Amino acid sequence: MVESIIETNGLTRSYGDICALKPLDLQVPEGEWLSVMGHSGSGKSTLMNLVGGLDRPTAGSLRVGGEDLLALSEDGLARFRREFVGIIFQQHHMVPYLTAVENVMLAQYFHSVPDEAEARSALERVGLGHRLKNRPGELSGGEQQRVCIARAIINSPKLLLGDEPTGNLDHKSTVMVMELLKELRAEERFTVIMVTHNQDVAAWGDRTIYLDDGVLVREERMKS
Amino acid sequence: MVAVKLIPHILSWAGIVLVLLRGFPGRRSVVTLTSISGFVIGVVGTFTLFRSFPGTVVFGIVTSALGVVFLLIWGISVASIYRSTGRGVTFLWVERLVNTSLCAGMVAAIAGVVAGAVGICRLPVTDKTVLGLSLLVPASGAVAYAVAYATLAIEKRLPKSFAVSPYGMPTAVAALLLFSSSSILRLDLFSPLSMKVMKFAHDFVHQFMESMLIPDHVFIQSYLWRYIGLLFGKEIGFWGGLFIWFTPALLVLLAGQFERLPPVAHIRQGAQRRKILAAAIRERRFRLVIPLISLLFFVAAAYQSRFPSVEYWDPKPIVVTATSSGEIIIPKKGEVDLEDGKLHKFLFNRGGKDARFFVLMGPAGQLTVDLDACAICKPDGYGQADGTVICYYCKTLIPLETVGKPGGCNPVPITFAEKDDGVHIDALTLINEWGNTVQSTSKIKEGGK
Amino acid sequence: MNMNRRRWLIHLVLRALAHRKGRTLLLLAVLAMASSLATALGIVSSSMEKRVAEEVRKYGANLIVIPESARLDIGSGGLNFGVVSEPAYLQQRPVEEALAKSGLKAEVSFHLRGALHMKDADIMVEGVNFSDIRRLFPWWQLKGNWPAAGETVVGNDLASRMKLKAGDVVELVGINSKILLRISGIVSSGGEEDDLLFMALPELQQALGLGGRLTLVRLMVTAGGSSLKTCASSLQMLMPTAKVSEVRQTARTSEGLLAKVKLLMLMVTAVVLVSAGSSVAGTMSTTVLERGKEIGLMKAMGGTRREVILIFCGEAVMLGVLGGVAGYLFGSVIAQFITKTVFASSAEFIPWIAVISMGVSLFLALLGSIGPMISVFKLDPVRSLRGE
């Protein structure tokens with residue numbers, strides 16, 4: 001029996017009167033690749049922010065990696081994020097004035113101490129050994145996303161969150177990024193939760209859940 | 001009133017106990033017990049000494065103990081810097097010794113004894129009876145017990161990250177002891193230290209430079225003297241003293257900064273490796289806290305010593321004149337009572353030259369007449385406080401017992417005759433003696449001729 | 001292996017500043033301007049105060065004694081050529097006695113001025129004791145040597161008018177006798193001295209037949225404790241036939257001018273400080289607003305609020321330090337300019353003023369960042385990353 005890395009119970013998040021996430025019970029076993037699908041506004045990003053410690057639920061319980069996120073202080077959440085979670089965004093979000101390697105080192109800095117050699121080898125691992133000193137503006141979308149992947153996994157997180165990481169990429173780059181993720185997951189054995197509205201991307205996962213209007217409507221297990 | 005005076009000493013002792021408790025983790029009971037008993041022994045022992053010996057001797061003993069403590073941390077700091085530079089020298093037996101409860105007990109006991117001795121020096125020891133002694137034992141015991149247990153309670157609440165390294169601990173203990181003693185004029189170490197440095201520079205220049213190295217040449221002299229003059233000022237004593245004073249704490253700080261980080265090359269996962277490094281760096285930084293605080297206490301001690309909060313008895317000089325036979329006669333019970341044990345200053349003027357001198361009855365009941373100047377300092381004069389006179393220029397304390405004896409920074413004694421109608425001093429001798437003394441001391445200090 | 005967090009932080013700050021070159025330069029300029037004005041104010045006031053004090057000392061023959069009946073021109077004192085009809089003189093002996101009796105600590109210089117004939121022209125001659133002159137008027141510039149016995153020094157203007165140079169021998173004709181004097185040097189003081197010929201006081205007294213007479217006594221009283229005025233009045237009591245007056249005019253003018261310049265600079269500095277502070281605050285908050293996503297990203301990556309603020313504070317401190325350095329350099333130039341144009345002298349080099357300029361610049365930079373820092377603290381990573 002594999003232990004659950006994420007356990008939610010009646011997890012709710014509402015903004016005023018609007019309820020973005022209706023009470024949700026979800027278990028994610030360690031090592032699973034979970035795809036979350038739904039339209040925009042279906043609450044899938046909210047779920048991801050909650051699980052990643054970026055946001056706090058209004059009700060319910062949320063345990064990630066044995067840690068009760070509701071009990072953590074603001075600084076405790078920051079520590080949780082840097083040690084436990086790696087996040088990849090749709091718009092990449094790189095610091096524009098830092099080179100690729102420096103963007104990776106920034107994550108190291110917040111985690112512990114920057115280590116350039118390690119950051120370099122992480123970028124080489126995602127196939128960007130030749131673009132270490134380039135700024136985000138000089139990189140293509142796919143390359144930027146690969147930098148973000150290197151940055152997300154540099155601190156060996158247990159949990160990798162992807163918020164439509166391939167939303168801005170063409171088909172070829174999408175496949176490349178997804179394959180890279182799969183490869184890395186095989187080595188590092190982190191759990192993946194990926195929000196997407198692309199059926200093909202969702203199909204890379206072990207399991208897909210469908211959210212609609214903040215409610216889990218359907219669950220589907222992939223056969224591989 | 002007495003209790004208020006004791007507060008800084010008790011707080012220093014509490015600090016010492018706190019540092020010891022953290023410095024010897026896991027040896028709480030040993031440290032507490034030995035430091036309490038050490039404190040009581042220090043108090044009672046010093047009190048007994050005061051009963052059987054003159055004050056000078058006792059203060060001498062306590063000051064020497066403080067001096068030894070200071071020398072010890074000098075040694076320890078040098079060892080710390082030597083080790084941190086990564087020389088492969090590890091005295092295994094020393095390390096093993098440090099970790100025994102015997103060592104913890106010894107250090108705590110020594111610290112307690114010295115702290116207690118310093119504390120009792122603060123009290124005016126007037127009641128030298130056995131009754132006083134029998135009261136003192138329970139009183140000091142109670143104070144020590146209360147303070148130690150309060151400190152113990154505080155220590156348990158302090159965060160874990162507040163760690164005391166084996167080098168930081170003695171530094172902090174010494175800093176607190178010296179801070180505690182610096183408020184007592186006669187136990188002060190810093191001023192004698194700077195005085196010693198000054199005297200050393202003095203002697204050095206006299207012995208070597210003046211006789212051998214400086215050719216007696218007009219051109220060279222004028223500008224060379226300016227630099228040599230620097231060696232004669234009190235500044236050299238002050239700065240040299242400061243250097244010696246702060247070096248141990250600074251060395252320990254530096255050693256902390258140089259300390260090696262744990263080996264991490266064998267850890268495969270980068271994040272793990274970096275986390276260990278970051279934690280080690282953080283810890284290393286925390287270990288700097290204690291030496292830094294010690295440094296502050298050293299600063300405070302030097303400051304207290306430099307600007308003591310003691311009121312000096314320093315009367316305005318009374319102008320005296322000589323009789324036709326060239327004698328200055330000061331009646332014993334005239335305008336002032338010469339035999340009241342206080343410093344009495346007089347001013348004599350002849351031919352536009354002033355000479356300041358004072359008359360003082362020593363503790364042995366012996367009158368003495370001295371210039372208000374010494375043979376090595378600028379003639380800034382003396383003030384009286386607490387069984388001593390102090391030279392305002394170099395802040396050296398001269399015990400009343402030795403006033404009237406020549407040498408060092410002692411006031412220059414003047415021959416005089418004690419007769420029924422008062423003290424007779426030869427005016428010419430006085431003026432000449434003053435002229436010689438002041439001329440030789442201020443010549444160089446003004447930067448040459 | 002680059003494992004130093006502090007070095008990384010500095011690197012990060014420099015990168016961020018370099019990225020927004022225009023804005024960084026603007027902020028630097030503002031900070032440098034504010035701190036340079038403060039620097040200039042500090043340098044001008046402190047070096048000019050010293051200069052004014054020196055000037056007081058200079059003209060500080062601060063008391064003069066003249067005969068009662070003579071008309072007085074402050075600073076010049078003495079006879080006008082042509083009005084010699086009924087000249088008044090001081091008696092040297094009573095003056096000396098009065099000075100000794102007054103017990104004042106003063107440098108004294110005796111002057112006797114009169115006309116002697118030289119090459120069919122009358123020239124003004126002043127008899128002085130050269131040793132006193134050297135003590136009281138240290139700013140006299142002498143080309144050549146101070147005179148020995150039988151020698152003289154000639155004022156600059158007089159020398160060029162009469163075509164005299166050092167080494168020449170002049171023949172002067174007095175009432176009783178002829179005197180031959182060798183010129184040992186040419187003196188220039190920038191004052192009326194440039195038009196005079198100086199010779200030893202007793203010689204002139206003899207030449208004019210005015211033994212023991214003086215026209216002017218200059219005193220430099222080191223007024224410890226008691227004011228100059230009381231010194232003057234006490235001296236006046238002892239010399240009823242003379243007139244004792246203070247010479248402070250020159251110094252007063254400089255003091256007044258300095259006060260005005262200081263006030264002006266103070267006002268300008270205050271205005272500049274306020275406007276600089278607000279412009280720093282404005283620029284900083286725009287920057288922080290623009291960098292919302294970056295801040296959100298840093299927080300999402302696991303930076304605590306303190307760590308993120310530290311980065312932005314680092315930028316402010318870096319700007320402050322650079323602005324302070326630039327301000328100090330620029331301010332020294334301004335101070336030099338002001339002292340050159342207004343006081344006609346050069347400013348000193350005062351290193352400790354750098355502390356002030358650094359302080360002003362840092363204070364402004366950090367003060368301007370308080371508001372932006374609060375918004376950095378409050379910023380919600382989720383919303384900022386979504387682009388709200």
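**Salt bridges and an interface**

Modeller: Let's start with A:Glu118 and B:Arg274, which are both buried. Keep in mind that this is a predicted model.

Colleague: What do the side chains of A:Glu118 and B:Arg274 form?

Modeller: A salt bridge, with N to O at 2.8 Å. A:Glu118 sits in helix α4 of chain A and B:Arg274 in helix α11 (residues 270–287) of chain B, so this pair joins two chains.

Colleague: Why would side chains pair up like that in general?

Modeller: When their charged atoms come close, side chains of opposite charge can pair.

Colleague: OK, and which residue does A:Glu116 form a salt bridge with?

Modeller: With A:Lys133, where the closest N and O atoms are 3.4 Å apart. The two are 17 residues apart and link distant parts of the chain: A:Glu116 is in helix α4 (residues 116–125) of chain A, and A:Lys133 is in the loop between α4 and α5 (141–153).

Colleague: Is A:Glu116 buried, partly exposed or exposed? And what about A:Lys133?

Modeller: A:Glu116 counts as partly exposed because its relative accessible area is 22%, and buried would need under 20%. A:Lys133 has a relative accessible area of 52%, so that one is exposed.

Colleague: Let's switch to chain C. Which residue does C:Arg182 form a salt bridge with?

Modeller: C:Glu151, and the closest N and O atoms there are 2.8 Å apart. That pair also links distant parts of the chain, with C:Arg182 in strand β8 (residues 178–188) and C:Glu151 in strand β6 (residues 151–155), 31 residues apart. C:Glu151 is buried at 15% relative accessible area, while C:Arg182 is partly exposed at 37%.

Colleague: Which residues do salt bridges with shared partners join into one network?

Modeller: Those are in chain B: B:Lys332, B:Lys333, B:Asp337, B:Glu339 and B:Glu418. Over all chains, the structure holds 38 salt bridges.

Colleague: Back up a bit for me. How many helices and strands are in chain A?

Modeller: Chain A has 7 helices and 10 strands. Of its 224 residues, 58% are buried. If you look at contacts between residues at least 6 apart in sequence, 67% of them join residues at least 24 apart.

Colleague: And the surface of chain A?

Modeller: Its accessible surface comes to about 9100 Å², and 46% of that belongs to carbon and sulfur atoms.

Colleague: Now the A–C interface. How many residues of chain A are in contact with chain C?

Modeller: 31 residues of chain A, which meet 33 residues of chain C. The area buried between the two chains is about 2900 Å², with carbon and sulfur atoms giving 64%. On the chain A side, A:Tyr97, A:Tyr109 and A:Phe110 lose the most area to chain C, together 28% of what that side buries.

Colleague: How many salt bridges cross between chain A and chain C?

Modeller: There are 2. In one salt bridge the side chains of A:Arg82 and C:Glu307 meet, at 3.8 Å from N to O. There are also 9 residue pairs in polar contact between chain A and chain C.

Colleague: Which helix of chain A gives the most to the side that touches chain C?

Modeller: α3(A), with 6 residues. Both α2 (74–84) and α3 (100–111) supply at least two residues each.

Colleague: And how do the residues on that side divide?

Modeller: On the side of chain A that touches chain C, 17 are nonpolar, 4 polar and 10 charged.

Terms used
Residues are numbered from 1 along each chain as its sequence is written. Chains are lettered from A and ligands numbered from 1 in the order in which they are written. This is a predicted model: local features need pLDDT of at least 70, side-chain atom pairs count only at pLDDT 80 or more; totals for chains, interfaces and linings use all residues. Side-chain values use heavy atoms; hydrogens and water are left out. Helices (H or I, at least four residues) and strands (E, at least two) are DSSP runs, numbered from the N terminus. Buried means under 20% relative accessible area, exposed over 50%, partly exposed in between (1.4 Å probe, protein chains only). Contact means heavy atoms within 4.5 Å. Accessible areas come from the Shrake-Rupley method with a 1.4 Å probe; for residues, only the protein chains shown count as cover. Buried area is the accessible area (1.4 Å probe) that two parts lose on being put together, summed over both. A salt bridge is a side-chain nitrogen of Lys or Arg within 4 Å of a carboxyl oxygen of Asp or Glu. A polar contact is a pair of N or O atoms within 3.5 Å; within protein, one must be able to donate a hydrogen and the other to accept it, and residues adjacent in sequence count only if both atoms are side-chain atoms. Ala, Val, Leu, Ile, Met, Phe, Trp, Tyr, Cys and Pro count as nonpolar, Asp, Glu, Lys and Arg as charged, and the others, Gly among them, as polar.
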